[in-house]
Amino acid sequence: MLTQFAARRLEDQLELYDEWADRFEELPLYFMTFHGQQNIKTVLDTMKHAVYMYDITHVVVDNLQFMMGHEQLSADRLAAQDFIIGAFRKFATDNTCHITLIIHPRKEDDEKELQTASIFGSAKASQEADNVLILQDRKLTTGPGKRYLQVAKNRFDGDVGVFPLEFSKASLTFSSSKSKAKLKKVKEEKAPAAKKDPDGGAGGSSKP
């Protein structure tokens, strides 16, 4: 994470390590000391404490399946997942806090792109979410695959689209070239064939 934050390989520039480590320490970044399956009430209590004590406004849960564990039966597991998603939704609303919940997709054919329906579990995850981002990874037999970030749902203004991702080995980050990234708004009524919709450029971020 320090390499990503500095956007450079600090082991090759040790004289800069202390400077970037000091900057990293100043970030309002906190980690929950949870690993593996956890009780949702314990997680929510910890999040509530963080919001109260440190004014946290964004929580990242990575990932839902790992937090739930694998002990429940399939039917009970789906019901439990819906309950957890509903609890996170309520927490976000009650505490004015953004929650990014990472969910692994179902097994799909390598040739097919992931869709909102590919999210593991019921449709509640995508229904409750204000935004749905899908990390697409297209594997090619002729060479390296292509990765891009797809905005599949945007409750704010409806703009959806894709951002091609390029991996930087030096900084260990994925970023989107400003010249390539395009975000296109989906409209219910198609424009006339002779008239093209203007493309809006949107840059990606190289932050971790």
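Guide: Confidence comes first. This is a predicted model, and its pLDDT averages 81 over the protein. Of the residues, 79% score at least 70. Two stretches call for caution. Residues 186-191 have a pLDDT below 50. Beyond near neighbours in sequence, that stretch has three contacts in the model. Residues 200-208 also fall below 50. Here the model shows 15 contacts beyond near neighbours in sequence. Where pLDDT is low, the predicted coordinates should not be read in detail.

Now the aromatic residues. Searching the whole structure gives four aromatic pairs. Take Phe-5 with Phe-24. Their ring centres lie 5.7 Å apart. The planes meet at 65 degrees; edge-to-face means over 60, so this pair is edge-to-face. Phe-5 belongs to helix H1, residues 2-6. Phe-24 belongs to helix H2, residues 17-25. The pair therefore ties together parts that are 19 residues apart in sequence.

Another pair joins Phe-167 and Phe-174. Its centres are 5.0 Å apart, with 50 degrees between the planes. That geometry is tilted. Both partners are partly exposed: Phe-167 has a relative accessible area of 47%, and Phe-174 has 34%.

Back to Phe-5 and Phe-24. Together with Trp-20, they form one aromatic cluster. The charged end of Arg-23 sits over the Trp-20 ring, 4.4 Å from the ring centre.

Is Asn-63 buried or exposed? Its relative accessible area is 11%, which is under the 20% cut-off, so Asn-63 is buried. Its side chain has polar partners. A polar atom of that side chain lies 3.1 Å from the backbone nitrogen of Gln-65. The Asn-63 side chain also makes a polar contact with the side chain of His-104, at 3.2 Å. Leaving out residues up to four places away in sequence, Asn-63 touches Ile-102 and His-104.

Methods:
Residues are numbered from 1 along each chain as its sequence is written. This is a predicted model: local features need pLDDT of at least 70, side-chain atom pairs count only at pLDDT 80 or more; totals for chains, interfaces and linings use all residues. Side-chain values use heavy atoms; hydrogens and water are left out. Buried means under 20% relative accessible area, exposed over 50%, partly exposed in between (1.4 Å probe, protein chains only). A polar contact is a pair of N or O atoms within 3.5 Å; within protein, one must be able to donate a hydrogen and the other to accept it, and residues adjacent in sequence count only if both atoms are side-chain atoms. Contact means heavy atoms within 4.5 Å. pLDDT is the predictor's confidence in each residue, from 0 to 100. Rings of Phe, Tyr and Trp (its six-membered ring) pair if their centres lie within 6.5 Å; planes under 30 degrees apart count as stacked, over 60 as edge-to-face and the rest as tilted. Helices (H or I, at least four residues) and strands (E, at least two) are DSSP runs, numbered from the N terminus. A charge sits over a ring if NZ of Lys or CZ of Arg is within 6 Å of the ring centre and within 35 degrees of the ring normal.
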